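Dear colleague,

Please find below the structure that I am handing over to you. My notes on what was found in it follow directly after.

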Amino acid sequence: MPGRDKYIQDHKLSDVILFGYSMGGYVALYYAANFPDADISHIVTYGTKFNWSENAVNRELPMLDPDHLKEKFPSIADSLQAKHGERWKPLLRSTAHMMQNLEKLDGLTREDLHDIDVPVTFILGDQDRMVSSEETHLTASWLHHAQVKTLTHSKHELERSNLRELAEIIDQAVN
């Protein structure tokens, strides 16, 4: 049994609903595209970016540099440290490395997304400045069973989103 399903198998889970925030949504879709035999019944993403062109990556990299964050945005650095402890710096560096190498890692393609045969709900904050509505709708158009929902009064950061409405959208999508 491959390690990718170990948690699901160990806990005898079926009809798994994957929720991915930001890059986590990308990972959930990548997983579904590359492991179609996984027992996934629905994928929900919030604030997931799909435009990873060289320019887009270069714009995001400074925010994944721990020293830059500490200097320019200390409250964000403090928040990350509170959430992740001393692991916050390696996590940022690993995320930056993954973003820089998405093309080499054979990231999601239109064909990959077309192969996903489970319902996918894309949720986007109405004040998200990192992820565009256009890229989200374009990506959704490549899937068989996709819908896009907009979360009101919400920015990209999960902490700055309308959590009550987010929970309602997820509940409606999966039930």
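In these notes a residue is called buried under 20% relative accessible area, exposed over 50%, and partly exposed in between, with a 1.4 Å probe and protein chains only as cover. This is a predicted model, in which local features need pLDDT of at least 70 and side-chain atom pairs count only at pLDDT 80 or more, while totals for chains, interfaces and linings use all residues. Residues are numbered from 1 along each chain as its sequence is written, and side-chain values use heavy atoms, with hydrogens and water left out.

Salt bridges

The search of the whole structure finds 4 salt bridges, each defined as a side-chain nitrogen of Lys or Arg within 4 Å of a carboxyl oxygen of Asp or Glu. One of them joins Lys 70 to Asp 78, with the closest N and O atoms 3.3 Å apart. Lys 70 counts as partly exposed because its relative accessibility is 37%, and Asp 78 is likewise partly exposed, at 42%. Another is formed by Glu 71 and Lys 72, at 3.8 Å from N to O; both of these residues are exposed. Lys 83 and Glu 159 also meet through their side chains, at 2.0 Å from N to O. This pair links distant parts of the chain, since Lys 83 belongs to helix H5 and Glu 159 to the loop between E4 and H9, 76 residues apart. Helices (H or I, at least four residues) and strands (E, at least two) are DSSP runs, numbered from the N terminus. Lys 83 is partly exposed, with a relative accessible area of 45%.

The sheet and its helices

Four strands, in the order E1-E2-E3-E4, form an open sheet with parallel pairing; two strands pair if DSSP finds at least two bridges between them. Strand E1 (16-21) and strand E4 (146-151) stand at the edges with a single partner strand each, so one side of each has no neighbour in the sheet. From one strand to the next, the twist averages 15°. E1 and E2 are paired over 6 bridges, and Ile 17 has His 42 in E2 as its bridge partner. Strand E2 (residues 40-46) pairs with strand E3 (residues 120-125) over 4 bridges, where Thr 45 stands opposite Phe 122 in E3. Helix H8 (residues 133-141) packs on the sheet, touching E3 and E4, and its direction makes about 175° with that of E3. Helix H9 (residues 163-174) lies across E1, E2, E3 and E4, at about 160° to E4. Axes are lines fitted to C-alpha atoms, for helices over the stretch in contact (heavy atoms within 4.5 Å), and angles run from 0 to 180 degrees between N-to-C directions. E2 is mostly covered, with 6 of its 7 residues buried.

Individual residues

Ser 161 lies in the loop between E4 and H9 and is buried, with a relative accessible area of 10%. Beyond residues up to four places away in sequence, Ser 161 touches Tyr 46, Leu 151, Ser 154, Lys 155 and Leu 166.

In helix H6 (residues 88-100) we find Lys 89, which is partly exposed at 32% relative accessible area. The C-alpha atoms of Lys 89 and Ala 77 are separated by 9.0 Å, at 12 residues apart along the chain. Met 98 is also in helix H6 and is partly exposed, at 25%.

With kind regards
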